[in-house]
Every structure is written in C-alpha cells, then in structure tokens.
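Trainee: I'm new to this one. Could you take me through a close look at how a pair of helices sits together?

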Amino acid sequence: MLHDQAAAHLQRSSLPQAELFAREALKEAESSLGPDHRATEQSLSTLALALRLQGKQEEALPFAQRLVAVRTRHYGADDPATGIALHNNAEILIAQGRLEEAAKLEGRALAIFQKKLGTNHFNTAAALHNLGAISLKQENYREAEKYLRRALAAKEKSLKPGHLSLAHTLDNLSAALAAQGRQLEADKFRRQAEAIRRKAGSVQNQKS
C-alpha cells in the first residue's frame with residue numbers, strides 16, 4: 001500500500017510526497033520481506049526516480065546503485081531489467097557531470113538492449129541517445145553523430161511519427177553536425193525538431 005501511494009503521487013508529479021511514501025515503503029519492505037524481495041526492488045526504483053526528478057542526484061545514486069545489484073542477483077547481468085537500472089544510473093551520473101562513468105554504464109545497458117531487445121527497440125534508442133549526448137558534452141562530435149544517427153533510426157522505428165523524443169535526438173544531432181562545420185545538415189535536422197515541437201504544441205492547445 002505504501003508503494004502504491006508512492007507510485008500514485010509520482011504519476012501526479014507530487015514528487016516530495018512520492019519520495020516520502022517510497023522511503024516508508026522501502027523501510028517496510030526491507031525489514032519485513034528482505035533486501036532482495038520484489039517489493040524492495042520496486043521501492044528502490046520508485047525512490048530513486050522520485051529523488052532524481054527533484055534534482056536530488058546525490059541522494060538518488062545510492063538507491064539506483066542498489067537497484068542494479070538487486071536486479072543483477074534477481075534476473076541476471078544481461079537481463080533488460082538490469083539494463084534499465086544501469087541506464088537510470090547513467091542518467092544520474094550525466095546530471096552530475098561524471099561523463100566517463102556514465103558512458104561505461106550506458107555502454108553496458110546498450111549491449112544488453114541490443115542483444116535482448118534488438119536494434120530498433122526504444123530502450124536501445126534511449127541508450128544510444130545518451131551515449132551520443134555524452135560524446136557531445138565531451139566534444140567528440142563525430143562519435144556523437146554516429147550514436148545519434150543510430151538513436152534517431154531506432155526511434156523512428158519504435159515511436160509514432162512526431163513523438164517529442166524524436167525532437168530531442170534531432171536537436172542533439174543538429175548540434176553535433178554544427179560543431180563539425182556542417183551547418184546545412186545541422187539546419188535540416190533543427191527544422192525537423194522545430195516542426196515536431198510545433199505540431200505537438202498545436203495538438204496540446206487543441207486538447208486544452
């Protein structure tokens with residue numbers, strides 16, 4: 001019940017309340033069910049996410065790391081659930097500016113997703129996007145371009161046309177190309193991203 005409350009608050013973006021209930025759920029699960037129980041795993045995941053979304057990266061990281069360990073013991077080192085935990089760890093490290101550490105974890109996640117889910121799955125695309133974003137921050141623009149082109153291709157296969165996630169990758173790809181002096185190509189992808197955002201905004205305005 002505590003975890004259900006945490007998840008409900010998380011869904012409503014009531015992040016402090018989600019954190020509070022997730023901490024209580026984790027405490028209860030660990031004490032009554034043990035450190036490797038499914039309820040403990042769920043509470044770790046929800047708590048790490050609630051903290052991360054509040055910008056509390058340093059607090060989130062230990063819980064996210066524990067989640068990797070629990071899922072590795074539960075499901076194995078190459079299970080997609082473990083890959084997702086690795087991916088979430090990498091996102092925390094990116095936010096902290098710990099890019100080399102993030103790249104190692106994201107590389108492990110990518111290997112799992114490609115092997116278990118295929119090259120065109122969204123999880124694969126998300127890992128590729130993050131590796132491209134890391135390379136972009138490190139000013140490795142050619143490497144960033146390679147990752148981001150692969151991410152874009154995977155997102156185009158796994159998402160509906162016009163999904164906002166496509167715009168995010170298009171923006172980063174545009175930046176990687178512009179940094180290489182390839183402005184015409186960069187402008188093409190930037191315009192595509194802008195068109196997606198305009199359409200998404202128009203749809204949202206119609207709904208409201």
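Mentor: Take H1 and H3, which are roughly parallel to each other, because the angle between them is about 30° and anything under 35 degrees counts as roughly parallel. Keep in mind that this is a predicted model. H1 covers residues 2–11 and H3 covers residues 38–53, and their axes lie 10 Å apart. As H1 passes H3, the crossing is left-handed. On the H1 side, look for His3, Ala6, Ala7 and Leu10. Facing them from H3 are Gln42, Ser43, Thr46, Leu49, Ala50 and Leu53. Sort that contact by class and you get six nonpolar residues, four polar ones and no charged ones.

Now hop over to H4 (residues 57–75) and H5 (residues 80–95), which pack at an angle of about 160° with axes 9 Å apart. That pair is therefore roughly antiparallel, and here too H4 passes H5 in a left-handed crossing. H4 brings residues including Gln57, Leu61, Val68, Arg71 and Tyr75 to the contact, while H5 brings Ile84, Leu86, Asn89 and Leu93, among others. The classes there come out as 13 nonpolar, five polar and one charged.

While you have the model open, find Lys188: it lies over the face of Phe189, at 4.6 Å from the ring centre.

Key
Residues are numbered from 1 along each chain as its sequence is written. This is a predicted model: local features need pLDDT of at least 70, side-chain atom pairs count only at pLDDT 80 or more; totals for chains, interfaces and linings use all residues. Side-chain values use heavy atoms; hydrogens and water are left out. A charge sits over a ring if NZ of Lys or CZ of Arg is within 6 Å of the ring centre and within 35 degrees of the ring normal. Axes are lines fitted to C-alpha atoms, for helices over the stretch in contact, and angles run from 0 to 180 degrees between N-to-C directions. Helices (H or I, at least four residues) and strands (E, at least two) are DSSP runs, numbered from the N terminus. Angles under 35 degrees count as roughly parallel, over 145 as roughly antiparallel, 65 to 115 as roughly perpendicular and the rest as oblique. A crossing is left-handed if the near helix is turned anticlockwise from the far one by less than a right angle, and right-handed if clockwise. Contact means heavy atoms within 4.5 Å. Ala, Val, Leu, Ile, Met, Phe, Trp, Tyr, Cys and Pro count as nonpolar, Asp, Glu, Lys and Arg as charged, and the others, Gly among them, as polar.
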